[in-house]
Number of protein chains: 2
Amino acid sequence: MSGFPDLTTVDKALEKIRENINLSVEVEEVPLSECSGRILAEDIISPVDVPPFDRSAVEGYAVVSADTFSASTTNPIELSVIGRAEAGQEPSQLPEVTSGKAVEIFTGAPLPYGADAVVMLEQTKRIGEKVLIYSPAAKWRNVSRQGEDFTKGKPILLKGTRIKPWHIGALASANITKVKVYRKLKIGILSTGSEIKEIGEELRSGEIVNSSRPMLTALVKERNCIPVNLGTVEDNLEKITERLKLALKICDIIITTGGTSLGEKDLVPEAVQSLGSPGLIVHGIAMRPAKPTGAGLVDGKPIFILSGYPVSALIGFEVFVDEAINYIYGTRPEPRPRVKGKLTRKLATPVGYRSFVRARVTRDSSGYLIEPLRLTGSGLLSSMTKANALIVVEENVEGFDEGDEVEAYLFQPIDAPL
Amino acid sequence: MSGFPDLTTVDKALEKIRENINLSVEVEEVPLSECSGRILAEDIISPVDVPPFDRSAVEGYAVVSADTFSASTTNPIELSVIGRAEAGQEPSQLPEVTSGKAVEIFTGAPLPYGADAVVMLEQTKRIGEKVLIYSPAAKWRNVSRQGEDFTKGKPILLKGTRIKPWHIGALASANITKVKVYRKLKIGILSTGSEIKEIGEELRSGEIVNSSRPMLTALVKERNCIPVNLGTVEDNLEKITERLKLALKICDIIITTGGTSLGEKDLVPEAVQSLGSPGLIVHGIAMRPAKPTGAGLVDGKPIFILSGYPVSALIGFEVFVDEAINYIYGTRPEPRPRVKGKLTRKLATPVGYRSFVRARVTRDSSGYLIEPLRLTGSGLLSSMTKANALIVVEENVEGFDEGDEVEAYLFQPIDAPL
């Protein structure tokens, strides 16, 4: 009675999609200021040592460590202060430190030749041209050694890394100004349906606003990809096919919405099947919501046939499109926040389906409470705006009892206004 | 011996910062296509019912529910098909359904007058102008009722919400084209230090690259705020003070890096103190790394005095600047991914300090393993690039033994290339 003769599991569908993707993405060089969130297309080998010279990590006195080994608060050792080292000075400008001598030094200053440790200011007492050392300093104590952060010729970052702000800091520290990243994927969004109007247009009775397009556009941008507006076509096989042909020329990935449940008007799967090999590879997934999701591949490019219902389209995107993007880029999915808590009521889910249940997580003195929302319609975006978490129930689980500990993916702060 | 006579706890420092912030952020109206990630500055009340009319959620037959109550597979009931309802049609164009009659209906089509349920196609059999119904349909079965998602006059989203793609979907469904959000905060970044050069510049011996600026710039952008480059000033009190005065005219938040440990050259705290009331409110925090962090407030605007060491600057940003941004916007921090696992070695941390320990999380058949890195220098960005998680050890904890279960914040995928 499902309407789909053969439902495919989520994992099997993902496997089939990955097996058939055949896209090579060009590489582009971008300045450091533009690379945040992009995917590195090369290993980055450090061209220099970082730090480039031995530096003092603290303020104090640069010494010969062996001089200080017997120092204590009751028995300080005395050294002659022969100069001063400031950040930004060249090591060659500084006096050489030999046994019995010390150089006053500031944080970040180069270590003078001959010195092999720095005693912190707090463990010293200055008296005129002399300094008393109250504590021993082991060799290289309080010194940032040349190359200890990144070593010339050794990798800083590896291909496939999604570049984060601290990666940019690391690249900058080695004076790297540009990196090679994969170009942004172009993801086309094609809406189908005769009742669909764009936001801002006036609605006749019987028409509804295309809420999926602005949502999917925002999702694509959030993934650092480029959304391509493929417009809306009515439920007409020829028109859908023509638009998809055009889309295959300009996009790397195509998303369609609408026209996917099995009925007289379900033309998108038919259009995809007609476009080439392997064509439609899956239609009807053992998941709730988003069962009518389909996927095809033409010229190695994936086409995702998402539901016209916005919540199904959202979950279809998160499960399938997101995975395809990561797979094409050769990168790993970002970790997602999860939370474990006690279910506040029984949750029944159909065996054989992967269920995505919108829930609201709250906190009390005993820990987290997870309440599955009663709003479940895949057309109801309020099931997302009133939720802050998603419980993913695996295919072999029939559901949970009230009080069971379950895990949920948090997509909003627990105490956000809902 | 800490060098800071009075260390303030992280929580106390945050409290003092919040108490003294006094900024009102203007509101701006942005189109839906530009609002992702922005903070909503108004409650959004639905101007319409969503859906705007009763719609069929499936393909099948629109009926009078009472007609179907006795239907079964062995004893189907027969109805006359009097027409057909397609998506996009106006309800007034459709035939009225009365007892004994049915209208063929497609997903998304308006429910004809008189009908109060839809029987799914799979539970029917069409024979010419008649249809057999094999299953009873309760009242409003398979119908998306007018206003069931969002009701005219009721809130869709509340002020303070960080706008996500599905929120955009929800706003679009109510045909809302623009929303009021807080303008992006301008966050100034001022580097201090005589040894600092910008990326791409040639380094003399003794000089290092300013790795904190590009990192902090990326962090500011990631928070949807506007970075303002306040340049680099040498270690000179007058120059630092002048630059901060200028910055207070154009920025909402100011970040400085460098010049913060307690030494002859630590001029930034002195400059902040001189600028107005309350001036410097905290300097020296009971945390590791980032102990020399300070904060001040002038004209109600926070000034964060971060370390010249990039890892300390990063953690100072994540702990203090991030909190200030959320506080000013009146929004809650985003949930962060966490993972629980077994510690692979003993971890000793100083009591009285909040410790931020870089770690690498891996997975084996028994679950997650968390290995604290031995690289700990606050100048070592490699301690971040080689880690994928941060263990936050609270002030009252002395550390953990090998095998203890601990929690870590995941900032990279577990299986990312490191």
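How many bridges join strand S8 of chain A to strand S9 of chain A, and do these strands run parallel or antiparallel? In this predicted model, strand S8 (residues 124–127) and strand S9 (residues 130–133) of chain A are joined by four bridges and run antiparallel. Within this pairing, Val131(A) of S9(A) is the residue that stands opposite Arg126(A). The hairpin formed by S8(A) and S9(A) has two residues between the strands, and Gly128(A) takes a positive phi near 60 degrees there.

**Chain A as a whole**

Chain A contains seven helices and 28 strands. Its radius of gyration is 31 Å, whereas the globule rule gives 22 Å for 418 residues; chain A is therefore more spread out than a compact globule. Taken along the principal axes, the box filled by the C-alpha atoms of chain A is roughly 95 × 55 × 40 Å. Of the 418 residues in chain A, 51% are buried. Among contacts in chain A with a separation of 6 or more, 70% are between residues 24 or more positions apart.

The chain is divided into four parts, as follows.

| Domain of chain A | Residues |
|---|---|
| Domain 1 | 10–25 + 184–329 |
| Domain 2 | 27–50 + 148–182 |
| Domain 3 | 55–144 |
| Domain 4 | 338–410 |

The centres of domain 2 and domain 3 of chain A, taken over C-alpha atoms, are separated by 35 Å.

**The interface between the chains**

Contact between the chains involves 87 residues of chain B and 86 residues of chain A. On the side of chain B that touches chain A, at least two residues are supplied by each of the following elements: strand S11 (155–157), helix H2 (165–173), strand S15 (208–209), helix H3 (212–222), helix H6 (310–329) and helix H7 (382–385). By class, this side of chain B has 40 nonpolar, 30 polar and 17 charged residues.

**Helix H2 of chain B**

The buried residues of H2(B) are Pro165(B), Trp166(B), His167(B), Ile168(B), Gly169(B), Ala170(B), Leu171(B), Ala172(B) and Ser173(B). Just after H2(B), Asn175(B) takes a positive phi of about 60 degrees.

Conventions
Residues are numbered from 1 along each chain as its sequence is written. Chains are lettered from A and ligands numbered from 1 in the order in which they are written. This is a predicted model: local features need pLDDT of at least 70, side-chain atom pairs count only at pLDDT 80 or more; totals for chains, interfaces and linings use all residues. Two residues are in contact if their C-beta atoms, placed from the backbone, lie within 7 Å. Ala, Val, Leu, Ile, Met, Phe, Trp, Tyr, Cys and Pro count as nonpolar, Asp, Glu, Lys and Arg as charged, and the others, Gly among them, as polar. Two strands pair if DSSP finds at least two bridges between them. Domain bounds come from an automatic or database domain assignment. A residue is buried if 20 or more other C-beta atoms lie within 10 Å of its own, exposed if 12 or fewer, and partly exposed in between; C-beta atoms are placed from the backbone. The radius of gyration is taken over C-alpha atoms; the globule rule is 2.2 Å times the number of residues to the power 0.38.
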